[in-house]
Amino acid sequence: MILIALLNIAIFQGVVLGIIILKSPIFKSKANKYLAYAFFSISISLLNFVLDDIGVYTNIPLLSFIDTIDSGFLFPVFIFLYVAHQIDRPIKKSRKIIWLFVPYLYSTILDVFEDLTIITDLDTSYNFVLLFLNLIQILIILFFIPGILIYAFVLICYSKNTQERRWLTHLWLLTVLLFGSWILTILSGIFLEYDITPIMKILTVVVAFLIHWVSYFGIFKFRLAKDQEEIRALIHKRKNDSTADVVTDVKLSKIHEAKKTESFTKEHSYFKKLEDLCTNHHIYRDSTLDRDKVAEMLGISTGYVSQLVNTATGDNFTTYINHYRVEAVKDLILNSEFDNYSLLAIGLECGFSSKSTFHNAFKKIAGTTPNAYRKKYK
């Protein structure tokens, strides 16, 4: 029962994630379209396994069409097409793409033929034909799936983005592990004639893990990192100045000790230098920024930084820095160039360290959530 529950969750997650990828403007792209189709195909395979395991096909024979359209063959095809489009090396001619779906079409026709053989109780001559057709299917499994996965790996090597190449390689390895194990299991069951059901159950758990892993690391983490990279490039383009970079090693000359006795106001020399670091050097974009780093930049003690900020602004150091981050987020939200990027990616690129920190700080300072702010002013 635990296995069935896990698989049901994986099926639901795969379908929902596929729909989100296809419908959301954040994830919408030619490459992600094929990743969504891969989720749908593997979800149908899992559904087929679950229905067969709990005896639905026996009780409701009409639903056996799901077994016939089992799309396990399509998963590696869609992964290959996803990789090809992700690194911008797609197959240009549609006729070539059609050939990639021939093995699935052949497998489906063979399943229909086998069902007709059982229903109509055909003579032994047809059994020989069926045996020959199954042999062809085995050859397809042995050569087509490994071949297309090898080709996918060759394409991955063309990626110039390290993070992209790492993500695609991990996805490829999991796919190879899954289908390599599946092929070995099928062949062992055919030639050694033993029950492969326990192994197939283990493989379905691997599939469930694959869907969960791709959901988090592939769709969320990778997309988030890519968005941040593009946002950073746009910010630098807008500024067109080296001072737009995040500066973490700025060191200013020390002011004479006597000047430290000046009253802690916004006109204080150290506070002005801190304002300059935030306004012109954008040090707030460093998510690891703390009082120690600022103290080192200014050449004063950590306690002095706290006392200076608290007295001059009435806020603590964290709130003071977050004010700059929130204003930076607002600026990007109002700019149409950043409409297709997620709010979290914008928040992280402006210096917030996590989703919760970003949302809490923005609501505290702006009086509304980032999403409500975007809807109100866009």
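This is a predicted model: local features need pLDDT of at least 70, side-chain atom pairs count only at pLDDT 80 or more; totals for chains, interfaces and linings use all residues.
I number residues from 1 along each chain as its sequence is written, and side-chain values use heavy atoms, with hydrogens and water left out.

**Helix α13.** I took helices as DSSP runs (H or I, at least four residues), numbered from the N terminus. I checked the length of α13, residues 302–313, first. The expected span is 1.5 Å times one less than the number of residues. For 12 residues that should give 16 Å, and the end C-alpha atoms of α13 are 17 Å apart, which agrees.

Next I looked up burial. Buried means under 20% relative accessible area, exposed over 50%, and partly exposed in between, with a 1.4 Å probe and protein chains only. The buried residues of α13 are Y304, V305, S306, L308, V309 and A312. They pack against α11 (269–279), α12 (291–298) and α14 (317–333); contact here is heavy atoms within 4.5 Å. After α13 comes G314, with a positive phi near 85°.

**Helix α17.** Which residues of α17 are buried? I found P370, Y373 and R374. Seen down the axis of α17, these buried residues fall within an arc of 100°, so they line one face of the helix. I took the arc from the directions from the helix axis to the C-beta atoms. On the other side of α17, K375 and K376 are exposed. The cover over the buried residues of α17 includes α14, α15 (343–349) and α16 (355–366).

**Rings.** I paired rings of Phe, Tyr and Trp (its six-membered ring) with centres within 6.5 Å; planes under 30 degrees apart are stacked, over 60 edge-to-face, the rest tilted. I count 15 aromatic pairs. For Y373 and Y377 the centres are 4.6 Å apart and the planes at 45°, so this pair is tilted. Y373 and Y377 sit 4 residues apart in α17 (residues 370–377), about one helical turn. An α-helix has 3.6 residues a turn, so residues three or four places apart point the same way.

Is each of the two buried or partly exposed? Y373 is buried at 11% relative accessibility. Y377 is partly exposed at 45%. Ring pairs join both to F352, F358 and F362 in a cluster.

**Charges over rings.** My rule was NZ of Lys or CZ of Arg within 6 Å of the ring centre and within 35 degrees of the ring normal. R325 lies over the face of F352, 5.9 Å from the ring centre. R89 lies over the face of Y158, at 3.6 Å.

How values were computed: Helices (H or I, at least four residues) and strands (E, at least two) are DSSP runs, numbered from the N terminus.
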